[in-house]
Amino acid sequence: MVGKEMSLRNRLSKSSEKPEEEDQGNPTKESLEAPSNGRVDIKQLIAKKIQLTAEAEELKPFFMKEVGTHFDDFVTNLIEKSASLDNGGCALTSFSVLEGENKHRAKDFRAPPEHGKIFVIRQSLLDELFEVDHIRTIYHMFIALLILFILSTLVVDYIDEGRLVLEFSVMSYAFGKLPIALWTWCAMFLSTLSLPYFLFQHWARGYSKSSHPVIHSLLHGLLFMVFQIGVLGFGPTYVVLAYTLAPASRCIVVFEQIRFIMKAHSFVRENVPRVLKSAKEESSTVPVPTVNQYLYFLFAPTLIYRDNYPRTPTIRWGYVAMQFAQIFGCLFYVYYVFERLCAPLFRNIKQEPFSARVLVLCVFNSILPGALVLFLTFFAFLHCWLNAFAEMLRFGDRMFYKDWWNSTSYSNYYRTWNVVVHDWLYYYAYKDFLWFFTKRFRSAAMLAVFAVSAIVHEYVLAVSLSFFYPVLFVLFMFFGMAFNFIVNDSRKRPIWNVMMWTSLFAGNGVLLCFYSQEWYARQHCPLKNPTLLDYVRPRSWTCRYVF
């Protein structure tokens with residue numbers, strides 16, 4: 001670092017000394033070129049300006065590199081300090097508390113919540129980047145592309161039909177039976193608001209008074225597991241399948257089902273250690289959160305429970321309206337992507353039997369729409385949706401994602417793509433696994449987290465699409481996990497960022513191709529009396545379309 005600073009300073013000093021040396025070496029040249037009447041020579045002034053501009057352009061990349069390096073060092077030091085704070089709380093959070101002279105592991109309580117994730121007031125990264133004109137221009141490019149998609153659809157419909165066809169049949173089909181999904185959400189919300197809080201409150205107030213605290217805890221823990229698996233687990237899934245909801249309506253129910261399960265687990269996981277610690281210290285007060293604190297947590301854009309979060313002073317309702325407007329814009333964007341790029345592709349593919357040629361063409365033709373859907377999903381949900389609720393709730397910590405687009409490794413991509421879910425998996429899956437099986441099994445803990453994440457992702461797709469086709473599971477569990485260990489954080493060169501983007505685009509193309517082919521096959525080759533095996537066996541491999 002010192003050598004780089006010296007080289008930059010040397011360049012600056014040389015560039016500043018060079019004109020002086022030239023002026024001193026040629027004292028008569030300027031006097032000869034200067035007119036006798038004392039007026040400035042325009043040509044000489046222009047030449048001087050060009051020379052200074054060239055020197056500035058030469059120094060610009062070195063200056064930007066130095067600024068970037070200093071900024072990276074600053075952020076790295078800040079992260080290390082934050083990690084040291086987390087490690088200070090890790091000792092308690094992971095139950096490795098040493099007591100007395102025996103220094104045995106105390107498993108009877110965990111760390112208080114403040115020893116885990118630290119919440120601070122900060123903006124989302126895109127909000128900060130959009131203040132830069134160069135970055136905002138990329139946003140304007142996507143808007144221009146949406147306008148072109150709309151114009152293309154209108155022009156093609158007018159040429160083919162002789163009139164403007166303003167139909168959104170695909171979107172209306174995708175959100176079919178939406179009222180049933182909303183009623184299901186209300187039932188899930190009310191049950192999550194009441195049952196976990198009531199069970200925890202009853203357990204907390206009776207724990208220190210119970211003559212058999214272990215049995216008392218096991219009974220309430222069993223009831224909580226019944227609620228998580230039976231009520232939140234099977235209940236919404238049964239409604240989705242029994243009422244045959246449309247794909248988007250199913251997604252709403254399934255995503256909220258998973259969110260409520262994770263929220264309830266976090267609430268219990270963060271508050272049980274406080275009650276155990278209070279009972280151990282024989283405190284007269286039982287630390288039970290209020291209903292308002294729990295209710296705020298259910299709507300807050302985080303999966304880590306805290307009694308209080310940093311709050312912003314006011315609500316910017318114009319900002320909220322803008323976020324929801326962008327969400328609706330992204331929905332229409334996805335609609336036009338499927339209408340202009342996907343529907344013609346699969347309309348032609350369904351006329352040919354399944355083969356390697358059809359599969360390869362399908363994958364490469366699906367890369368562009370798959371990449372667009374990836375960007376739109378990220379922007380609509382992780383940025384707009386979460387920021388809208390954060391603003392309405394005055395939730396201060398808006399770091400829902402990091403700069404995942406700069407990742408040079410998949411391990412960094414997994415940590416930065418969705419910080420909200422990553423935090424939950426890190427504190428409640430990865431760390432707790434290490435507590436149960438000691439820190440020697442870090443690779444096994446990472447494998448377990450990958451398995452849980454892959455199964456949940458495949459569950460969402462299977463329930464939403466009404467068939468089981470584990471393409472995502474294979475890509476996530478095998479290729480994704482292999483890339484996580486092979487392309488690790490030691491890869492820092494730009495070529496690895498290119499490789500990451502290439503594999504990411506290719507993977508989304510594979511997903512869009514395979515699942516769309518299977519969807520079309522099941523629509524055009526229905527079975528009269530399907531068995532359980534028919535829901536698992538890929539229909540696109542054997543289907544022959546009949547027209």
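Among contacts in the protein chain between residues at least 6 apart in sequence, those joining residues at least 24 apart account for 75%. The model is a predicted one, and its protein chain contains 18 helices and 2 strands. Of the 547 residues in the protein chain, 39% are buried.

The packing of two of these helices, H16 and H17, was examined in detail. Helix H16 spans residues 471–486, and helix H17 covers residues 494–524. The axes of H16 and H17 lie 9 Å apart and meet at an angle of about 160°, a value that makes H16 roughly antiparallel to H17, because angles over 145 degrees are counted in that class. The crossing of the two helices, H16 and H17, is right-handed. On the side of H16, the contact is made by Val 471, Leu 472 and Leu 475, while H17 contributes Gly 507, Val 510, Leu 511, Phe 514 and Tyr 515. By residue class, this contact of H16 with H17 comprises 7 nonpolar residues and 1 polar residue, with no charged residue taking part.

Helix H17 also holds Glu 518, a residue whose relative accessibility is 1% and which therefore counts as buried, the limit for that class being under 20%. The side chain of Glu 518 is joined to the side chain of Arg 522 by a polar contact of 2.8 Å. When residues up to four places away in sequence are not counted, Glu 518 touches Phe 467 and Tyr 469, and also Arg 537, Pro 538, Arg 539 and Ser 540.

Once the neighbours within four places in sequence are left aside, Ala 343 is in contact with Phe 338 and Tyr 520. Although Ala 343 and Ser 516 are 173 residues apart along the chain, their C-alpha atoms are separated by 9.6 Å.

Notes. Residues numbered from 1 in each chain as written. Predicted model: local features only at pLDDT ≥ 70, side-chain atom pairs only at ≥ 80, totals over all residues. Heavy atoms only, no water. Helix = DSSP H or I, 4+ residues; strand = E, 2+ residues; numbered from the N terminus. Buried < 20%, exposed > 50% of the residue type's maximum accessible area, 1.4 Å probe, protein only. Polar contact = N/O pair within 3.5 Å; in protein donor to acceptor, adjacent residues only side chain to side chain. Contact = heavy atoms within 4.5 Å. Axes fitted to C-alpha atoms, helices over the stretch in contact; angles between N-to-C directions. Parallel < 35°, antiparallel > 145°, perpendicular 65-115°, else oblique. Left-handed = near helix turned anticlockwise from the far one by under 90°. Nonpolar A, V, L, I, M, F, W, Y, C, P; charged D, E, K, R; others polar.
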